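Please take a moment to look over the sequence and the fold before reading on.

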Amino acid sequence: MADKYSIGDGDSLKASKNLGAGAGVNPGQFGRNFSGESDIYGGLTKAQVYAVLNSYRREIRACFESALLVRNDLAGTLRLNFTISGSGDVTDVSVVNNEVESNILESCVLQIIKKMEFPKAPNNLPTKVIYPFIFKRSS
């Protein structure tokens, strides 16, 4: 039987029908536990940001699975801070906190965030995002 993994983000309100529910979710699904852990403000709505993040869940799950090959006890939160320009490009990404303590996972997720393409903001303003990715093995 294959291991199952869960990737969530620490928030509890469903932002779209494609988003799962935090802990125990299928591999790569992003959960929403709105406890103030994610912070999104500026030109795009939270739903727009969540939709794009959700579309990259398989790639982020692949990062986690690759990192597990090196260290099979990985778990924790990788909190990132990034800016989306008014035109939809990610202009900068930084790590706020890496509880997972895996440089392999961190590097892989950062590369994915940098290549994400978001919609153009209707008001052409940048969007600031602080987003916690929660990684854990599901039982």
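A residue is called buried when its relative accessible area is under 20%, exposed when that area is over 50%, and partly exposed in between, with a 1.4 Å probe and protein chains only. By this scale Asp39 is partly exposed, with a relative accessible area of 35%, and buried residues make up 47% of the 139 residues in the protein chain.

This is a predicted model, in which local features need pLDDT of at least 70 and side-chain atom pairs count only at pLDDT 80 or more, while totals for chains, interfaces and linings use all residues. Residues are numbered from 1 along each chain as its sequence is written, and side-chain values use heavy atoms, with hydrogens and water left out.

The protein chain has three helices and five strands, where helices (H or I, at least four residues) and strands (E, at least two) are DSSP runs numbered from the N terminus. Read from the N terminus on, the elements follow the order β-β-α-α-β-β-α-β. If contact is taken to mean heavy atoms within 4.5 Å, then among contacts between residues at least 6 apart in sequence, 68% join residues at least 24 apart.

Asp39, already mentioned, belongs to strand S2, and, leaving aside neighbours within four places in sequence, Asp39 is in contact with Lys128, Val129 and Ile130. The C-alpha atoms of Asp39 and Asn81 are separated by 9.2 Å, although these two residues are 42 residues apart along the chain.

Which residues of helix H1 are buried? In H1, which spans residues 46-55, the buried residues are Val49, Tyr50, Val52, Leu53 and Asn54. The cover over these buried residues includes strand S2 (39-42), H2, strand S3 (76-84), H3 and strand S5 (127-138).

The other two helices can be taken as a pair. Helix H2 (residues 57-70) and helix H3 (residues 103-115) pack at an angle of about 165°, with their axes 8 Å apart; here axes are lines fitted to C-alpha atoms, for helices over the stretch in contact, and angles run from 0 to 180 degrees between N-to-C directions. That angle makes H2 roughly antiparallel to H3, since angles under 35 degrees count as roughly parallel, over 145 as roughly antiparallel, 65 to 115 as roughly perpendicular and the rest as oblique. Where the two meet, Glu59, Ile60, Cys63, Phe64, Ala67 and Val70 in H2 face Ile104, Leu105, Cys108, Val109, Ile112 and Lys115 in H3 in contact. Sorted by class, this contact of H2 with H3 has ten nonpolar, no polar and two charged residues, where Ala, Val, Leu, Ile, Met, Phe, Trp, Tyr, Cys and Pro count as nonpolar, Asp, Glu, Lys and Arg as charged, and the others, Gly among them, as polar.

Strand S4 (residues 90-98) holds Asn98, and is also where Ser94 is found. Ser94 counts as partly exposed, at 32% relative accessibility, and, not counting residues up to four places away in sequence, Ser94 touches Arg79, Leu80 and Asn81. Ser94 and Arg79 are 15 residues apart in sequence and 8.9 Å apart in space, C-alpha to C-alpha.

Is Asn98 buried or exposed? Asn98 is buried, with a relative accessible area of 17%, and the residues that Asn98 touches, not counting those up to four places away in sequence, are Thr77, Leu78 and Glu106. A polar contact of 2.7 Å joins the side chains of Asn98 and Glu106, the term standing for a pair of N or O atoms within 3.5 Å; within protein, one must be able to donate a hydrogen and the other to accept it, and residues adjacent in sequence count only if both atoms are side-chain atoms. A polar atom of the Asn98 side chain also lies 2.9 Å from the backbone nitrogen of Glu101.

Glu101 itself sits in the loop between S4 and H3 and counts as exposed at 61% relative accessibility. The phi of Glu101 is near 55°, a positive value in a residue other than glycine. Asn124, in the loop between H3 and S5, has a positive phi of about 60° although Asn124 is not a glycine, and Asn124 is partly exposed, with a relative accessible area of 48%.
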